[in-house]
Amino acid sequence: MTNGWFSYTNAVKILGAETGLVDALDRLTGGLLLAATGGGSQLALSLFDAKGELARLSRQLGTGLGARLRGLDRFSRTQRIAAAHTVIAVTAFFEAAAEGSRRFSDDELRLLRQEELAIAGGEGTEGSTLGHLVQRLLRMQVPCPSPASPYESVLQDLESHYAELGSRLKLFITGLRQWESMDKTRRDRHDEWLTTQLPAEARERYADLFHRFEAEVPEVAYWSNRIDHQATREKLDAGLSELRRLLESVGSGSKPHGVRDALSRTYRLALDKPILSATELPAGVTIPSLSDAYISPCFRLAAADSAARPAEDRWWAELPVQADLRAFLFGHLTHPGATRFPLLVLGQPGAGKSILTKVLAAELPAGEFAVVRVPLREVPMEADLQTQIEHALRQATGEHHPWTSIYETGVVAVVLLDGFDELLQATRIGNSDYLERVAAFQEREAAHGRPTAVIVTSRTAVADRARVPLGSAMIRLEPFQQAQIAQWVSIWNRTNTADMDTDVVQSLGELTAQPLLLLLLALYDAEGDPLRREGELARAELYERLLVRFARREVMKYGSRLSEAELNQAIDRELLRLSVVAFGMFNRDSQWITEDELEADLQALLPEPPVSSRSFQPTLSASQLAVGRFFFVHEAQALQDERRLKTYEFLHATFGEYLVARLIAQEVRHLLAQAQLSAPMARRTSPDDAFLHALLSHTPLSSRESIPEFLHELLRELPEGKELLLGMFRDALMSRTTSTYDAYQPGRIEAFRTVPARLAAYSVNLLLLLILAAGQVTGGELFDEPPYVIARWRGLARFWQSQISYNAWFNLIHTIDLERTGAGEARDVMIRWAAGRLPALPDVDPYWTYHSSDRGTHAWMHNEFQPSARQLHFICGYEEDALLHTLQPIAEDLSRSIVTFAGFWPDRAVSPANALLRLWLLSSRRAGLPELAAAYVECLHLSQAFAPFAQRDAHSYLDLVLGHLNLDAHRLRGVLHLHEVPLDSSEPELVERIQVELTRLGFR
């Protein structure tokens, strides 16, 4: 999406230092530029003058800009560059129009001028003169390249703009009397020029002028994304110091003082600090400084429009990955759009969003920018934006400063709002208009001469919780690529004189994709080089070793005298508590949990904290004990009424997902051991699954793809658990007695806390555990009621669909494969885990559906279609509505063709509607003639499958088949023969129609 920043009129005024040129242009336009007059006849004549005086003066105004920009402050320089771009875009049209006027003869041009003058003198209506047309041109906003709307996009917009002007010019000229006096050949020649050649020539002239412009002004190449990225890529790994040098090279050279200087000095201190603050580290470990360790991530870039889906990974995946973050930021911060709309920076936890704001705050030159970094977790969340900024000013400088104190003429303020997602998570206050309020703040500041760029960071997952102003730029920071991982490992090894193996680290996949996760692995590897020694591990095994090692380190801090058994028990307790944290997020369908929610969950599931924790850390709450000691748990904060609100999330979602799977697997094994111990009494007692039920009766495991994958690794050696899980599944929908865990109520949405919803979640989760542990299970095993297996399965599936969220249902049907087996009354289903395979499109067998064992002999009709349609309509489902909408054209006239089935073939049964749709597709795709002929034979045969009381439907169906055959007859003669069509003597009217029509069309 491109944004027009200036009209030609405003651009000329901004470039008005050369008053001689501006005055000359104003005289040429009849005072249109410098006063709001209604003139324009002089402008019209100049546009259509072969001398092109208007074009010549405009070109002179828009070139030679480089020297005139030297020494200007940042904002003035940006404004003049954008204004010059507007001038060259309009100049291109002036030049093309002036050059094109030579296509008219001298007599034609003279008469056209005379008639234009007469109309301009009062004979025409408003908007009818060429002068009015060009007035519109001078006042129109002109598209301008920006990092999110690059040169190619602007070229397309400008050509459309030029085409519209050419069409309006044509409309004016064809309305003149002189046009009617031309012969057809001359009119066609002028018409071709006005509608096709003029826009193309204007575009080519713009391209030539733009090429000279960007060679003269460095910023323009970055706006249009036309720099040599490869030449600069080697420098990017050093961070963003090159960004500072670039900005200083096009700056005014002024020195900062006062508040701006104080802020800059404070922020630059962060460059020498470690990238992670840690009070205790493994022996010999040194955390690299921010200046040493920062590596610019790759990113994807988009402009916000009505189709944007910034919270969806699939939407971002369609956009290209870009590597030159320095180039983008330079282009953005020197562009006028930066002070109109916020830039939204998205990424996963640990992707480096906050670190990016720290580096930007340190590296942006204070002589050109007044930078304020606002960590939203540390400012009052109920305050307005200006108050939050002033709060951050006090934190950074130790003094109270009004927001306006950072400004000087020409300086651009840059406000870095870090952690918008933390504000959302910690407060739960509706902030859907937050970014719009940021844009309104920018508009207000610009109106008062205080241009302000704003950059907002947030987790990708919550990007849909705030409306992004149209025209804003959005970037999503990408996971590290192999080269960036290698660079990071090299920095770590150099800082620590270590020998962390790059190949081993790169082989770990997504666990090394985020900077903070890399640091986590480095700290793990620092004690004995376990990554190299352990070799290639399954993902679940690697997560287990990572978590156990970190838990052991933390336990040893307060339990160094514990025996090995006590130590292992304490480690298990730590991981159990972390698993409750993970379940708290999972069961709320969220990546985060508030401190209050976690306290309630821990009290409900683990009411007694470990004795060692009470003894050594009595002042910590249960939630702080659970998460406060681990690198991989991120704490978000916000201030409300001087109270600090906290939420927690894992640095990478898969840590929580593994902990969910780990606790489930442990509990299943515990129940299995319990069942085996009580085997002699198995008929009288069953394992107590109250804890597992409390965990699994809120959210289907299919909601997160990684959880079933982890469980597959953890349960694949547990086939003996099949009978246990089958028994639990059969009891899952039965009423339950009260439990000590009934206080565990994690759902945030009331609809998913009802009894039916919890029954659905628990039963679907037990099914998933069954197929993950046993590999597969049949419907007969699930229900143990042979005559009713399919009915029970159908009812249960509809129950699940009605009670779990759409996302959980969608993932469920893609997580498991269902195969229909058996026939007739022995029908069954075989259910397996899909294991990441994309299921094939199901092939429906009506013989199986209608439990018919009598193949190849009869036709039948299942009810009427109207009740089926009403049922689909009643459900209000996405898929049901899509199918009903697709069938609606057929259903209105041929409803019985949908519900009639012909079992004329032993291997398949077909409905007339199915055969007709296939026929239309084959015909439209120009399929092979033998295949097309066979499709016609099938459709003609099926016209005889309708019930005796549905003969009207049969004839309507036959009308369509024979009507379409008329279109294909010339292709099929010699391929389709009358004797190939099976004819049923019990349907004489249909048979006669088929015979007569085929004979008439020449088929024998």
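**Exercise 1. Strand E8 and its sheet**

Task: How many residues of strand E8 (residues 452-459) are buried?

Solution. Eight of the eight residues in strand E8 are buried, so the strand is mostly covered. Buried means under 20% relative accessible area, exposed over 50%, and partly exposed in between, with a 1.4 Å probe and protein chains only. Strands (E, at least two residues) and helices (H or I, at least four) are DSSP runs numbered from the N terminus. Residues are numbered from 1 along each chain as its sequence is written. This is a predicted model: local features need pLDDT of at least 70, side-chain atom pairs count only at pLDDT 80 or more, totals for chains, interfaces and linings use all residues, and side-chain values use heavy atoms, leaving out hydrogens and water.

Step 1: sort the side chains. Thr452, Val454, Val456 and Ser458 point one way from E8. Ala453, Ile455, Thr457 and Arg459 point the other way.

Step 2: find the partners. Two strands pair if DSSP finds at least two bridges between them. Strand E5 (residues 343-347) runs parallel to E8, joined by five bridges. Leu346 has Ser458 as its bridge partner in E8. E7 also pairs with E8 in the parallel sense, over five bridges. There, Leu417 stands opposite Val456.

Step 3: Strand E3 (residues 299-303) and E4 run antiparallel, joined by two bridges. Phe299 stands opposite Gln322 in E4.

**Exercise 2. A hairpin**

Task: In which sense do strand E14 (residues 816-821) and strand E15 (residues 828-833) pair, parallel or antiparallel?

Solution. E14 and E15 pair in the antiparallel sense, over six bridges. Arg820 stands opposite Val829 in E15. The two strands form a hairpin with six residues between them. In the turn, Gly822 has a positive phi of about 70 degrees.

**Exercise 3. Aromatic pairs**

Task: How many aromatic pairs does the structure hold?

Solution. The structure holds 22 aromatic pairs. Rings of Phe, Tyr and Trp (its six-membered ring) pair if their centres lie within 6.5 Å; planes under 30 degrees apart count as stacked, over 60 as edge-to-face and the rest as tilted.

Step 1: classify Tyr206 and Phe210. Their ring centres are 5.7 Å apart and their planes at 35 degrees, so the pair is tilted. Both residues belong to helix H11 (residues 184-216); being four residues apart, they are separated by about one helical turn. Tyr206 counts as buried at 0% relative accessibility. Phe210 counts as buried at 0% too.

Step 2: classify Phe420 and Tyr434. This pair is stacked, at 4.6 Å centre to centre with 15 degrees between the planes. Phe420 lies in helix H21 (residues 420-427) and Tyr434 in helix H22 (residues 434-447), 14 residues apart. Both Phe420 and Tyr434 are buried.

Step 3: look for a cluster. Ring pairs link Tyr543, Phe655, Tyr658 and Phe710.

**Exercise 4. Confidence**

Task: Which element has the lowest mean pLDDT, and which the highest?

Solution. Helix H30 (residues 611-616) has the lowest, 40, and strand E7 (residues 412-418) the highest, 96. pLDDT is the predictor's confidence in each residue, from 0 to 100. The chain averages 82, and 83% of the residues score at least 70. Over residues 36-41 the pLDDT is below 50. Where pLDDT is low, the predicted coordinates should not be read in detail.

Notes:
Contact means heavy atoms within 4.5 Å.
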